[in-house]
Amino acid sequence: MLMSNYEKIKTDVSHISQLTKQLAKDDPRRIVHSIKVGFAITLVSLFFYFDPLYEGLGMNAMWAVLTVVVVFEFSVGATLGKGVNRGLATIIGGMSGFGAHRLSSLSGDKLEPFFLGFSVFITAGVTTFMRFFPKVKARFDYGLLVFILTFCLICVSGYRDDQVIDMAHRRITTILIGSSTAVIVCLIICPVWAGTDLHNLVSTNILTLSLFFQGFGIEYFKTSLDITPSDDEIEDNKSSLQAIKSVLNSKNNIDTLLNYARWEFRHGRFKKGHPWTQYQKIGELVRNCACRAEALHSFLYSQGQAPNEVKAKFLEPCMKMSTESGNCLSELSMAIKKMNKPSKAKPHLQNAKQAVQNLNVLLTANIWKNLNLSDVTPVATVAKLLADVVACTEDIAEAVQELASLAKFKDAKEKTKVAPQIEKTKVAPQIEKTKMANNQGSIKRRPHANHVILIETSSPTSSPRISVPKDPPSLAMAQQAAE
C-alpha cells in the first residue's frame, strides 16, 4: 500500500514537472511575467513594512496590494486598461459617494438612510444597465464594477462614520498607487504588447490556410493511387484539422487582443492610431475561408471518391486554384508579418481567378452526357469549394491591401523571404504521376482514412504535408481572459 502510494506520488510529481517545463518552453515570457508580478506586489507591500509609509495610509495600504493583484495582467494593454478603469472609477465613485453622503445629511437624521438607500439603488441600477452596451462592456466593464463598489462603500460606510473625506481620500490614494505601480512595472520590465500578438495571430491564421491549400490539390488527386496511409499520416491529419479548427475558433482571442491593443500607445513598428479594427475584419474573412478548408478536408480519402477519368478532367483547374490560392495567402501572410504592401500576391490571385474561369468553361462543356451524376458530384463539389476559396482569398487580399494603406506599409523589397511554398518543379512530377495512373484504368481506391498535408520539399515524390505554425506567444493568456 505504501509503495503504491509512493509510486503514484512520484508519477504525479513527474507529470507536474513535465507540464511546468512545457509551459515555460512554449512561452518563456510566462516566467518573466511571474517575476514581474512578484516584484510589483513586494514593492507596494513596503507601505506595510516601513512605519513612515504606514503612518500615512494605515490599514488602507492593503488596497494597494489588492489593486496590484487584480490589475496586473500579462500584456501592457490589459494592465493599462484595468489600471485606468480602476483609477478613474475609484475617483469618480469616491467623489459621487461623498456628494451623495453630503446631500443626504441635509435631509435630517430620519430621512438620511432613505435618501442614501435611494441613491445606491438608482446608481447601481443605472450603472449595471450601462454594462449591457457592447462598446461600453468591451472597454469599461471593469471600471463600472469598481465604480459601483466604491460608491456603495463610501455611502454605506459614511452613514456610521463621519470621516468620509478622509476615507475617500485614502482609498483613492492607495488604489492610484497600486494601479500606477502595476502599469510602470509591466511597462518597464520586458513589456508584452497585445498589439504585436494580435498582428502575429492574424498572420499565423492566414499562413495556416496557405499551407493547407498549397498541398490540398496534390493530395486530393493522389487518392486514386493504391497507397495506404501510414499511422503517422493519420495522426498528422488530425493535427491539420486541429490547425484549421484553431483558425475557426480564434474569434474570442482576436476580440480580446483587439480590446487590449486599443489601450496601448505607440510601440515598435506600430504608430499611434494604428488601425487595429482592420485586423478584426481580416480575421472574420479568414474564418470564412477556413470553413471551406474544413469542408475540403473532409473529402481527403473519403469513401465516395470520383473515378479516375472524371478526376482527370478537373485536375488542372483544381490544382491551379488550390496552389495559387495557397501561394496568394502565403504572400499576404508574409506582407502582414513584414508590414509590407502585398504586391506579390496579385499575380497568384490573377492565376487563381483564371483557373475559375477555366473551370466554368469546363462545366458548361458537352462532355458529361455519358457520366453518372454520382460519379461527378464529389469532384464537382470539391471544384466548387475551391472556387469559393478563390473568392474568399480575393476578399482577404482586399482587406490586407486596405490595412496596408491605413497603416502605411512600406513597399516590399525584391529579395523578401516568403513563406514555405510547394515548388513548381516538384509539383509537376506529382501531376504527371497522377495522370499516368488515370490512363492505366481503374485502380483500387483507398479505404476511408484521415489524412494531413505537410509541406516537405526534400523529395519530389514525398507527400506534401502541412506544418502547423504555432500560435503567437501569450495567446493562451488572451484565451483565458476571453473565457
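Biologist: Which backbone oxygen lies 2.9 Å from a polar atom of the side chain of Ser119?

Modeller: That of Phe115. A polar contact is a pair of N or O atoms within 3.5 Å; within protein, one must be able to donate a hydrogen and the other to accept it, and residues adjacent in sequence count only if both atoms are side-chain atoms. This is a predicted model, in which local features need pLDDT of at least 70 and side-chain atom pairs count only at pLDDT 80 or more, while totals for chains, interfaces and linings use all residues. Residues are numbered from 1 along each chain as its sequence is written, and side-chain values use heavy atoms, leaving out hydrogens and water.

Biologist: Is Ser119 buried or exposed?

Modeller: Ser119 is buried, at a relative accessible area of 13%. Buried means under 20%, exposed over 50% and partly exposed in between, with a 1.4 Å probe and protein chains only. Ser119 belongs to helix α7, residues 112-130. Leaving aside residues up to four places away in sequence, Ser119 touches Ala100 and Phe151; contact means heavy atoms within 4.5 Å.

Biologist: How many helices and strands does the chain have?

Modeller: There are 18 helices and 0 strands. Both are DSSP runs numbered from the N terminus: helices are H or I with at least four residues, strands E with at least two.

Biologist: Which residues of α5 are buried?

Modeller: In α5 (residues 62-71) they are Ala64, Val65, Thr67, Val68 and Val71. They lie on the same side of α5, because their arc around the axis is only 160°; the arc is that of the directions from the helix axis to the C-beta atoms.

Biologist: Which residues have the most contacts inside the largest nonpolar core?

Modeller: Ile206, Phe213, Leu296, Phe314, Met321, Leu332 and Ile396, in a core of 66 residues. A nonpolar core is a set of buried Ala, Val, Leu, Ile, Met, Phe, Trp, Tyr and Cys residues joined through side-chain atoms within 4.5 Å.

Biologist: Which element gives the most to this core?

Modeller: α16, with 17 residues. Among the other elements that give two or more residues are α10 (194-220) and α14 (308-338). Apart from this core lies another, of 17 residues, including Ala40, Val76, Phe147 and Ala182.

Biologist: Where does UniProt place the transmembrane regions?

Modeller: The unreviewed entry gives residues 31-50, 62-81, 114-134, 140-160, 172-194 and 200-221. UniProt positions follow the numbering used here, feature names are shortened, and annotations may be inferred rather than shown by experiment. Residues 200-221 are 95% helix and 0% strand, with end C-alpha atoms 33 Å apart.
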